[in-house]
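I opened the model to look at folds, helices and pockets. These are my notes, in the order I took them.

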Amino acid sequence: MSIKVKAVERNVSFDKNVEKWAYVMQAELYSKLPQSKVIQEAATRSGIAKGSINAAWEAIGEVIKAWATEGHSVAIPGLGCMRFGLRATSVSDVNLVGSGLITSRRVIFTPNVEIKNELARTGVSITCYDRNGNIVKRVTSTDEGNVEEPEPEEPSNPDVV
């Protein structure tokens, strides 16, 4: 199993008169799985009746929604925690503070270590498309999931820069 990524050649210039082409990567999005399919799979894997899982699913969703709107960070089993947050403009005068400063409301998800490790172990399959939509290259990762840049090697002759 691997994460499918597409690298599409795009004009990344901010100047309308200048073209600067680069391959921009993004994960390919799969279709959204419907709740019914998730519940059916959970019933199959657990041996619990589909109706019971559906009732528990609905109750858990309501609990998460209620607690998150009260300001709690809520655990999502096997995945991590989620909470609500926001972005807002800052002001130096307390008299200017108001809800109009809020620029966006967000759902913040913090994955647990196990899910981060699983992601690190998952391979990556990249398909490169040129600006005309033609496939020009396919790459499959053979790395260990390390996305950090390697440290530059020290020159063999310290006197040479």
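I took helices (H or I, at least four residues) and strands (E, at least two) as DSSP runs, numbered from the N terminus. This is a predicted model, where local features need pLDDT of at least 70 and side-chain atom pairs count only at pLDDT 80 or more, while totals for chains, interfaces and linings use all residues. Residues are numbered from 1 along each chain as its sequence is written, and side-chain values use heavy atoms, with hydrogens and water left out.

**Entry 1: overall layout**

I counted three helices and seven strands in the protein. From the N terminus on, the order reads β-β-α-α-β-β-β-α-β-β. I called a residue buried under 20% relative accessible area, exposed over 50%, and partly exposed in between (1.4 Å probe, protein chains only). By that rule, 12% of the 161 residues count as buried. For contacts I required heavy atoms within 4.5 Å. Among contacts between residues at least 6 apart in sequence, 36% join residues at least 24 apart.

I checked helix spans against an expected value, 1.5 Å times one less than the number of residues. The twelve residues of α1 should span 16 Å, and its end C-alpha atoms are 16 Å apart, so the two agree. G47 follows α1 and has a positive phi, near 80 degrees.

Which residues of α2 are buried? I found I53, I64 and A68. Seen down the axis of α2, these buried residues fall within an arc of 25 degrees, so they line one face of the helix. The arc is that of the directions from the helix axis to the C-beta atoms. The face turned away from the buried side carries the exposed residues G51 and T69. I then looked at what covers the buried residues of α2: the cover includes α1 (35–46), β3 (74–76) and β4 (80–88). Just after α2, G71 takes a positive phi of about 100 degrees.

**Entry 2: the largest pocket**

I searched a 1 Å grid over the protein atoms alone; a pocket is an open set of points with protein on both sides within 12 Å along at least five of seven lines, and lining residues have an atom within 4 Å of a point. The largest pocket has a volume of about 510 Å³, taken as the space filled by probe spheres set on the points. Which element gives the most to its lining? It is α2, with six residues. Among the lining residues I noted I53, W57, I64, F109 and I115. By class, the lining has ten nonpolar, one polar and no charged residues. Here Ala, Val, Leu, Ile, Met, Phe, Trp, Tyr, Cys and Pro count as nonpolar, Asp, Glu, Lys and Arg as charged, and the others, Gly among them, as polar.

I126 is in strand β6. At 16% relative accessibility, I126 counts as buried. I126 and A7 are 119 residues apart in sequence, yet 6.8 Å apart in space, C-alpha to C-alpha. Not counting residues up to four places away in sequence, I126 touches V5, A7, M25, K137, R138 and V139.

T127 is also found in β6 (residues 123–129). T127 counts as buried because its relative accessibility is 9%.

K137 is in strand β7 (residues 135–140). C-alpha to C-alpha, K137 and I126 are 8.2 Å apart, and eleven residues apart in sequence. Beyond four places away in sequence, K137 touches I126, T127 and C128.

Technical notes
On a 1 Å grid over the protein atoms alone, a cavity is a set of points where a 1.4 Å probe fits but cannot get out, and a pocket is an open set with protein on both sides within 12 Å along at least five of seven lines; lining residues have an atom within 4 Å of a point.
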